[in-house]
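Have the structure open while you read.

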Amino acid sequence: MGRRGARPSKNMEKKFPKNFLWGGAIAANQCEGAYDEDGKGLSVQDVTPHGIYGEITAAPTPDNLKLKGIDFYHRFRSDIALFAEMGFTALRLSVAWSRIYPNGDDAEPNEKGLQFYDSVFDECRRYGIEPIVTISHYETPLHLARRYDGWRNRTLIGFYEKYVRTLFSRYGGKVKYWITFNEINSLLHSPFMSGGIATPREKLTEQDLYRAAHHELVASALATKIAHEMLPDAKVGCMILSMPVYPLTPDPDDVLAALSAEQKNDFYADVHARGEYPGYMLRYFREKGIRIDMTAEDEEILKNTVDFISFSYYMSACESADKSLPKGPGNIIGGIPNPYLQQSEWGWQIDPQGLRFVLNKYYYRYQKPLLIAENGLGAADKLILEGGVPTVNDDYRIEYMQAHLRQAAEAIADGVEVMGYTAWGCIDLVSATTAEMKKRYGFIYVDRNNDGSGTLDRYRKKSFGWYKRVIATNGASLFE
């Protein structure tokens, strides 16, 4: 993978905890489809047919693959059965806010939407799969974006509070683990998708974006407070887009540039885990003339800290004091490419050891359990016939995930408390960044193409059997 490889040290105790949560992760807007069925309202995803960097349309268009997704809405029972066949003990999934409150500011929730997730959670429980539920995963109701300008408007805190109270009241007996916002630190980079902000990106100031982020942080802490009051046994986590930033050279200026870039991401976890804004961010606001509409009530609410930290990890990047150096592609947040690393088909740099770095950094910074909520390799898989059975020989995915899981084991040996690992896109989904089916992450191939054609039939990839064995051996097979 990298220049130095990613094999674990020979003398380490190669064990995952007995209660380790093994599973996968999906998002409602990328898999469910049924965008206009059973009372569901439109979300911001329904008008972004070409991914996070494409145009925003006035209404849903036929070329938006997310409108049908992979039809999980109608096929969830058979899909969950496949997850159970792999041995999943956890499934991270999201609730579509506009399926519960079609406009976001409705007086009453949509009962058919509530019933759908009752069925999904019941099906998970039937197989002994623990649902880990993301409350808001890049799918703000479109009405909240267009009428209120999304999270720029403090009013959304109240709408979100009503939404989470509905979820906790309805599903408190079925869901133990909750995540408030997906990749909350992505708002500065993708304000429409992440924050439902309808104002064009070029018209937004840093102050606009940080105020919107503040509103989300307050809403997140409020949800944590409510969960702890309503559901004493529940665990609430934040979710951070993690991307470790290395100095491009040992030049102290590069080291400080990397530190600054890291702090821009650490800020969100700092607030969630410590309950207040860190000094380095307050200094940044002072020097940039950014004013946050912080109230005394906000300060009290922020003190409601999360029970665990969850994060996505796909890649690392470098930073330099030389701002003329070109940035490479990445998971929403880009960076200077590392000359010692290889990259995926989409230019994302492959750095298994970066996962160990992130796990150690977060754990010894916050002393809270960690969940690897997303990790995986997007690739243009090719369906073939093997013994007359359709499959994908995705050895490249197995190699990627094995290297990363070995590094997770290294972190556990370092003393890091890792709760679990939910592989991203455990079944092929519509990509968030590109809105394609071509970019596949799953252990399960879905017969759907970029032009919308395909049967939607499901096929087990080679990685399906590999991951099944990893789970069955609680990770021991990773070291054979």
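## Holes and a helix

Sort the residues around the largest cavity by class and you get 11 nonpolar, 7 polar and 4 charged ones. Keep in mind that this is a predicted model. The volume of that largest cavity is about 210 Å³. Its lining has 22 residues, and Gln30, Tyr314, Glu374, Trp424 and Ala432 are the closest to the centre.

How many cavities of 30 Å³ or more are there? The count comes to 7. The second largest cavity has a volume of about 90 Å³. It is lined by 14 residues, with Ala28, Asn29, Gly33, Lys40 and Asp46 closest to its centre. Two elements, α1 and α3, each give two or more residues to this lining.

Now for the helix. α4 runs over residues 111–126, which makes 16 residues. From first C-alpha to last, α4 reaches 22 Å, close to the 22 Å expected at 1.5 Å a residue.

Which residues of α4 are buried? They are Gly113, Leu114, Phe116, Tyr117, Asp118, Val120, Phe121, Glu123 and Cys124. The cover over these buried residues includes the helices α1 (28–31), α2 (72–86), α3 (97–100) and α6 (155–171), along with the strands β2 (90–94) and β3 (130–136). After α4 comes Gly128, which has a positive phi near 75°.

Note on methods. Residues numbered from 1 in each chain as written. Predicted model: local features only at pLDDT ≥ 70, side-chain atom pairs only at ≥ 80, totals over all residues. Heavy atoms only, no water. Helix = DSSP H or I, 4+ residues; strand = E, 2+ residues; numbered from the N terminus. Expected span 1.5 Å × (residues − 1). Buried < 20%, exposed > 50% of the residue type's maximum accessible area, 1.4 Å probe, protein only. Contact = heavy atoms within 4.5 Å. 1 Å grid on protein atoms, 1.4 Å probe; cavity = no way out; pocket = protein on both sides within 12 Å on 5 of 7 lines; lining within 4 Å. Points joined across faces, edges and corners; volume = space filled by probe spheres on them. Nonpolar A, V, L, I, M, F, W, Y, C, P; charged D, E, K, R; others polar.
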